[in-house]
Amino acid sequence: MKQLFLIIGAPGSGKTTDASIIAQDDVNITHYSTGDLLREEVASGSELGKLIDSFISKGNLVPLDVVVNTIITALKNAPTNTILIDGYPRSLEQMLEFDKVLKTQNEVVLKGVIEVQVSEEVARERVLGRARGSDDNEEVFNNRMKVYLEPLKEIINFYSKENLHFSINGERSIEAIVADMKKLIQSLLK
């Protein structure tokens, strides 16, 4: 049985960095970034990649079926039994569809949804400071932040009712955040 952890947080919260460090430090954990999975498809130049790019380049959400299928494929092909996926879910529809898919199978169990909390000011400084690509500008950041915040309360409520929501302060050193996240993951795997 694969054990899944979803890592959520604002753009620039550090969720991808935190999850990738944890996976690098532990050979029994695989990390996937939803954004990276989608960007890999864009980079492939496929028709699906062009479709995905038309959404990502504007800071909008990629269609539900494309994202869910991308994630499910990654989960089933994961080389380890413990998997971290960051950047998902980003909408109520994604959450509900993913929950429905998880409940119709017995290969993967959701163990926790870890929210890396940062203020909008910290997120803005980090994203605009890194300027990784054309989507790291003020206008796209504002849209991405709005897209993140709109469904957040309902996503947290949904996972809280399932006793799956956990929060970590993302405004500390990477070492402190990663240490707390590792400790939380290990406690939930027992």
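This is a predicted model: local features need pLDDT of at least 70, side-chain atom pairs count only at pLDDT 80 or more; totals for chains, interfaces and linings use all residues.

Visitor: Good. In what order do the strands of the open sheet come?

Guide: The order is β2-β3-β1-β4-β5, which makes an open sheet of five strands with parallel pairing.

Visitor: And which are the edge strands?

Guide: They are β2, residues 29-33, and β5, residues 165-169; each of them pairs on one side only. From one strand to the next, the twist averages 25°.

Visitor: Let us stay with β2. How many of its residues are buried?

Guide: Five of the five residues of β2 are buried, so the strand is largely enclosed by the rest of the structure.

Visitor: How many bridges does β2 share with β3?

Guide: Five bridges hold β2 and β3 together in the parallel sense. Within this sheet, Ser33 stands opposite Asp86 in β3.

Visitor: Now β1, please. Which residues lie on each of its faces?

Guide: Lys2, Leu4, Leu6 and Ile8 are on one side of β1, and Gln3, Phe5, Ile7 and Gly9 are on the other; all are buried. Strand β1 spans residues 2-9, and eight of its eight residues are buried, leaving the strand mostly covered.

Visitor: How does β1 pair with β4 and with β3?

Guide: With β4, strand β1 pairs in the parallel sense over eight bridges. The bridge partner of Gly9 in β4 is Val116. With β3, strand β1 pairs in the parallel sense over five bridges. Phe5 stands opposite Leu84 in β3.

Visitor: That leaves β4 and β5. How many bridges join them?

Guide: Five bridges join β4, residues 108-117, to β5, and the two strands run parallel. Ile114 is the residue that stands opposite Phe166 in β5.

Visitor: A change of topic: how many aromatic pairs are there?

Guide: The count comes to two aromatic pairs. Tyr88 and Phe98 form an edge-to-face pair, with 5.1 Å centre to centre and 75° between the planes.

Visitor: Why does that pair tie together separate parts of the chain?

Guide: Tyr88 lies in the loop between β3 (82-86) and α5 (92-103), whereas Phe98 lies in helix α5, so the pair ties together parts that are ten residues apart in sequence. Tyr88 counts as buried because its relative accessible area is 1%, under the 20% limit. Phe98 is buried as well, with a relative accessible area of 0%.

Visitor: What about Phe158 and Tyr159?

Guide: Phe158 and Tyr159 form an aromatic pair that is edge-to-face, at 5.2 Å centre to centre and 80° between the planes. Both residues are buried.

Visitor: Which residues does UniProt list under "binding site"?

Guide: The unreviewed UniProt entry lists Thr34, Arg39, Asn60, Leu61, Val62, Gly87, Tyr88, Pro89, Arg90, Gln94 and Arg144. From this set, Pro89 and Arg90 belong to the lining of the largest cavity.

Visitor: Take Thr34, then. Where is it, and is it buried or exposed?

Guide: Thr34 is found in helix α2, which covers residues 34-43. Its relative accessibility is 6%, and it counts as buried. Not counting residues up to four places away in sequence, Thr34 touches Val67, Ile71, Ile85, Asp86, Gly87 and Tyr88.

Visitor: And where is Arg90?

Guide: Arg90 is placed in the loop between β3 and α5. Its relative accessible area is 28%, so Arg90 is partly exposed, a class that runs between 20% and 50%. Leaving aside neighbours within four places in sequence, Arg90 is in contact with Leu61, Arg144, Val147, Pro151 and Ile155.

Visitor: One last residue. Where does Leu64 lie, and which residues does it touch?

Guide: Leu64 lies in helix α4, residues 64-76, and is partly exposed, with a relative accessible area of 29%. Beyond residues up to four places away in sequence, Leu64 touches Glu93, Gln94 and Glu97.

Visitor: How far apart are Leu64 and Gln94 in sequence and in space?

Guide: Leu64 and Gln94 are 30 residues apart in sequence and 6.0 Å apart in space, C-alpha to C-alpha.

Methods:
Residues are numbered from 1 along each chain as its sequence is written. Side-chain values use heavy atoms; hydrogens and water are left out. Rings of Phe, Tyr and Trp (its six-membered ring) pair if their centres lie within 6.5 Å; planes under 30 degrees apart count as stacked, over 60 as edge-to-face and the rest as tilted. Helices (H or I, at least four residues) and strands (E, at least two) are DSSP runs, numbered from the N terminus. Buried means under 20% relative accessible area, exposed over 50%, partly exposed in between (1.4 Å probe, protein chains only). UniProt positions are given in the numbering used here, feature names are shortened, and annotations may be inferred rather than shown by experiment. On a 1 Å grid over the protein atoms alone, a cavity is a set of points where a 1.4 Å probe fits but cannot get out, and a pocket is an open set with protein on both sides within 12 Å along at least five of seven lines; lining residues have an atom within 4 Å of a point. Contact means heavy atoms within 4.5 Å. Two strands pair if DSSP finds at least two bridges between them. Axes are lines fitted to C-alpha atoms, for helices over the stretch in contact, and angles run from 0 to 180 degrees between N-to-C directions.
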